[in-house]
Number of protein chains: 2
Amino acid sequence: MRQSKLFYKTEKEISKDVEAVSHKLLLRAGFVDQLMAGVYTFLPLGFRVLKKIENIIRKNMAESPLDGQEILMPCLNPKENWQKTGRWDNFDVLFKLKAGDKEYTLAPTHEEVISPLARRFVFSYKDLPFYLFQIQTKFRNEARVKSGILRTREFLMKDLYSFHAEEGDLDDYYLKVANVYLRIYSECGIGKETYQTLASGGTFSKYSHEFQTVTESGEDVIHICEECGIAVNDDIKKENNVCPNFPCRSEKFRKAKAVEVGNIFKLGTKYSLPFGLKFRAKDGIEHPVIMGCYGIGLGRLMGAVVEVNNDEKGIIWPKNVAPFQAHLIPIENNQKIIKTAEKLYQILQKEKIEVLYDDRKDKTAGEKFAEADLIGIPYRIVVSDKTAAKNSVEIKERGKKEIKLVKISSLPSFLKKNAK
Amino acid sequence: MRQSKLFYKTEKEISKDVEAVSHKLLLRAGFVDQLMAGVYTFLPLGFRVLKKIENIIRKNMAESPLDGQEILMPCLNPKENWQKTGRWDNFDVLFKLKAGDKEYTLAPTHEEVISPLARRFVFSYKDLPFYLFQIQTKFRNEARVKSGILRTREFLMKDLYSFHAEEGDLDDYYLKVANVYLRIYSECGIGKETYQTLASGGTFSKYSHEFQTVTESGEDVIHICEECGIAVNDDIKKENNVCPNFPCRSEKFRKAKAVEVGNIFKLGTKYSLPFGLKFRAKDGIEHPVIMGCYGIGLGRLMGAVVEVNNDEKGIIWPKNVAPFQAHLIPIENNQKIIKTAEKLYQILQKEKIEVLYDDRKDKTAGEKFAEADLIGIPYRIVVSDKTAAKNSVEIKERGKKEIKLVKISSLPSFLKKNAK
């Protein structure tokens, strides 16, 4: 992509009301645009990152061991389904609307749709287990929305639902999901800072699990066990002086602010009962299906990635989720340099390396570098008279100090090896 | 994918209220599920087709000559933006909602978001032209919704917006979009049945263009010029006895029912004026930006594909949008056949051929074939004692009569060559 054509604009300053680092940087670097409180547009740079995150999540959901099948459920939900579970009146952030004589909600989660849907397909124990997921827009009328894409009123969410004949089978799958979640955070570049966190489990199981990424902008507080590395949320901590992660029992905790980037929950029969989602067991007796649900908010995950990966100059995108792998920057405007840069741009594109090419002629090297640091693409490739004289380019990895001189002829293989 | 694990269920009969062929077949074959009037869930089979269509559209939007940059705008829109253009009161299918003291609409199109957004980025003629698109959920509270996914209240839409300094530039781009649209319909397998159709153009230009696919389930009527192949819609026909596609002037029209699968529109300054979207020209004078908008509904396109591609037995998916390329069906349950089928399934997966493997043991060959015809995957591969004795499989293309005997060893290359 030519930077002169890219739909973005960087800002030096941003309103003082903006507190979270990720909010500040994503607005300043032109990744997102705020339409109104808690509602954002993803601009081309932001959309590219969102898509990378989406693809990492999709792959992990669809492949073994989770074997999820992807579907797409609607945002508009009929009131009746939400009355059946009592959540029409009790789910406090529901957007509700009326059109004609029909009342709807904009779904904040999809148990009220997927449970009656599953009922049409499940009859016998032979139909179980199965796993359905979607990546879809959710709505929650949150009261406080001040942290940018960390907490919004409309957001993309991956929600996976599992359906089981037996509790033990749910337990096994739940563990698998927990492990895959940790892999997803690791692939997105926040593995080290993200903690599996015990939270209240509702009526069906003692605990559920949240995944919390430690950051100063986080609205949650977690307590990380210094022995076993599992965290507990504030509620659980109040009830336990020792680490409840059996058999740890340590009493040493480290308190940290964190943002929740996912949660997994054993629903049991909470939603299968009101919708009559049953199956006939081997012995011919009917039982309610046992369910689990597993969520990740994509925008929030993107925000958390920025919270963890930045410095005073801007964002430092982990390679897997970076909008581009390489940022090609000629710093002189003479014919020779422009020709070399254009040629390199063509070569990198041909080699399928995602490259942003700063072809702007009215910017100084300093301006270009400052923007490149703010945008945060992993590899900065500088072409100058000095480097061209050696048939080389200068490569600098964002967030590192070292500058390497690499021969132009070996640039594609260098990037393929390093930029993945 | 193993068919025994696939989340779907076929139905022999469907409610008599269901009229459109595509609606009937997509429900019967387990591609979609109706949550309520005009609101559908895409099940795994349907989701796969939707994704194929989405990728065809995305590729055509992002690549040359359209060079669109993808973004994602929100569903929730503030009332103020829609008041500014007068559409809060005049757009008759708006879903409106109130939460706290804020009023919102669920956007049925995005001029009210993208115009003020563009204003933040456009200053000079040097910033023009540019092209932004999204593939995103739209809402329209349609009064009549009886044709399945051909007309729904919630639907995925690709909307592209172009921004120009000069009318001639819009004209050029508009023509390019029209050609790319025809290519998209052709890639989706409805090229022959889809007509560029003249419709009213609003205040800025005499005509806009619809793309109409001829089918009995269509709610529109078009008149196809038998000379030049361009169609006109009913309104235009009333005003013209001769073909308005200069210099055709033919008077021979063929009337047909059709469904609109896309439209393109020169907006001119209709939305740039109310939002103050201006640019400074070379002479230093400010002008309003000239805009075009270009839409394709994904679900409706999928419905149209089925309308055009079916027979009395079921759907006949065009290869580019089929949920799977190959349907592998062993018709005996003995160890040798099962072993052969399992091996073939592994081989095809390894060769990246999308295969649905009917591994069910409790179905007869007749039941399996009937379902395969209903689902409509392009290549049916049958493994039986008879074929195995010749180290072969039987291949039949959906919608054709011929059955070919192909050596197992050359099956992957056969499919790669034919099934693309």
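The legends below describe several close-up views of a predicted model.

**View 1. Chain A as a whole, with its helices and strands.**
Chain A of this predicted model holds twelve helices and 23 strands. Taken along the principal axes, the box filled by its C-alpha atoms is roughly 80 × 60 × 45 Å. Of the 420 residues of chain A, 47% count as buried.

**View 2. The side of chain A that touches chain B.**
Where the two chains meet, 36 residues of chain A are in contact with 36 residues of chain B. On the chain A side, at least two residues each are supplied by β1 (32–36), β2 (39–42), α2 (44–62), β3 (69–70), β4 (76–78), β5 (95–99), α5 (111–119) and β7 (130–139). The largest share of this side, four residues, comes from β2(A). Sorted by class, the side of chain A that touches chain B has 25 nonpolar residues, together with four polar and seven charged ones.

**View 3. Helices α2 and α8 of chain A.**
The axes of α2(A) and of helix α8(A), which covers residues 298–308, come within 10 Å and cross at roughly 110°. An angle from 65 to 115 degrees counts as roughly perpendicular, and α2(A) and α8(A) are therefore roughly perpendicular to each other. From α2(A), the contact is made by Val49(A), Leu50(A), Ile53(A) and Glu54(A), while α8(A) contributes Leu298(A), Leu301(A) and Met302(A). By class, this contact of α2(A) with α8(A) has six nonpolar residues, no polar ones and one charged residue.

**View 4. Helices α2 and α8 of chain B.**
In chain B, helix α2 (residues 44–62) and helix α8 (residues 298–308) pack at an angle of about 110°, with their axes 10 Å apart. That angle makes α2(B) roughly perpendicular to α8(B). Here Val49(B), Leu50(B), Ile53(B) and Glu54(B) in α2(B) meet Leu298(B), Leu301(B) and Met302(B) in α8(B). The contact of α2(B) with α8(B) has, by class, six nonpolar, no polar and one charged residues.

**View 5. Strand β13 of chain B and strands that pair with it.**
Strand β13(B), residues 253–268, is joined by six bridges to strand β10(B), residues 207–214, and the two run antiparallel. In this pairing, Thr213(B) has Val259(B) of β13(B) as its bridge partner. Strand β11(B), residues 220–225, also pairs with β13(B) in the antiparallel sense, over six bridges, and here the bridge partner of Val221(B) is Lys257(B) in β13(B). A further antiparallel pairing, over five bridges, links β13(B) to strand β16(B), residues 290–297. There, Lys266(B) stands opposite Gly292(B) in β16(B).

**View 6. Helix α10 of chain A and what covers its buried residues.**
Helix α10(A) spans residues 365–375, and its buried residues are Glu371(A), Ala372(A), Asp373(A) and Ile375(A). The cover over these buried residues includes α2, β18 (314–315), β19 (326–330) and β21 (379–383) of chain A. The helix is followed by Gly376(A), whose phi is positive, near 85°.

**View 7. Cis peptide bonds in loops of chains A and B.**
In chain A, the peptide bond from Phe246(A) to Pro247(A) is cis, with omega near 0°. Pro247(A) is placed in the loop between α7 (234–239) and β13 (253–268) of chain A. In chain B, a cis peptide bond joins Ser64(B) and Pro65(B), with omega of about 5°. The loop that holds Pro65(B) is the one between α2 and β3 (69–70) of chain B.

Asp67(A), a residue other than glycine, has a positive phi near 50° and belongs to the loop between α2 and β3 of chain A. Because Asp67(A) has 17 C-beta neighbours inside 10 Å, this residue counts as partly exposed. Asn391(A), likewise not a glycine, has a positive phi near 50° and is found in the loop between α11 (385–388) and β22 (392–397) of chain A. With 10 C-beta neighbours inside 10 Å, Asn391(A) counts as exposed, since a residue is exposed if 12 or fewer other C-beta atoms lie within that distance.

Note on methods. Residues numbered from 1 in each chain as written. Chains lettered and ligands numbered in written order. Predicted model: local features only at pLDDT ≥ 70, side-chain atom pairs only at ≥ 80, totals over all residues. Contact = placed C-beta atoms within 7 Å. Nonpolar A, V, L, I, M, F, W, Y, C, P; charged D, E, K, R; others polar. Axes fitted to C-alpha atoms, helices over the stretch in contact; angles between N-to-C directions. Parallel < 35°, antiparallel > 145°, perpendicular 65-115°, else oblique. Pairing = 2+ DSSP bridges. Buried ≥ 20, exposed ≤ 12 C-beta atoms within 10 Å, placed from the backbone.
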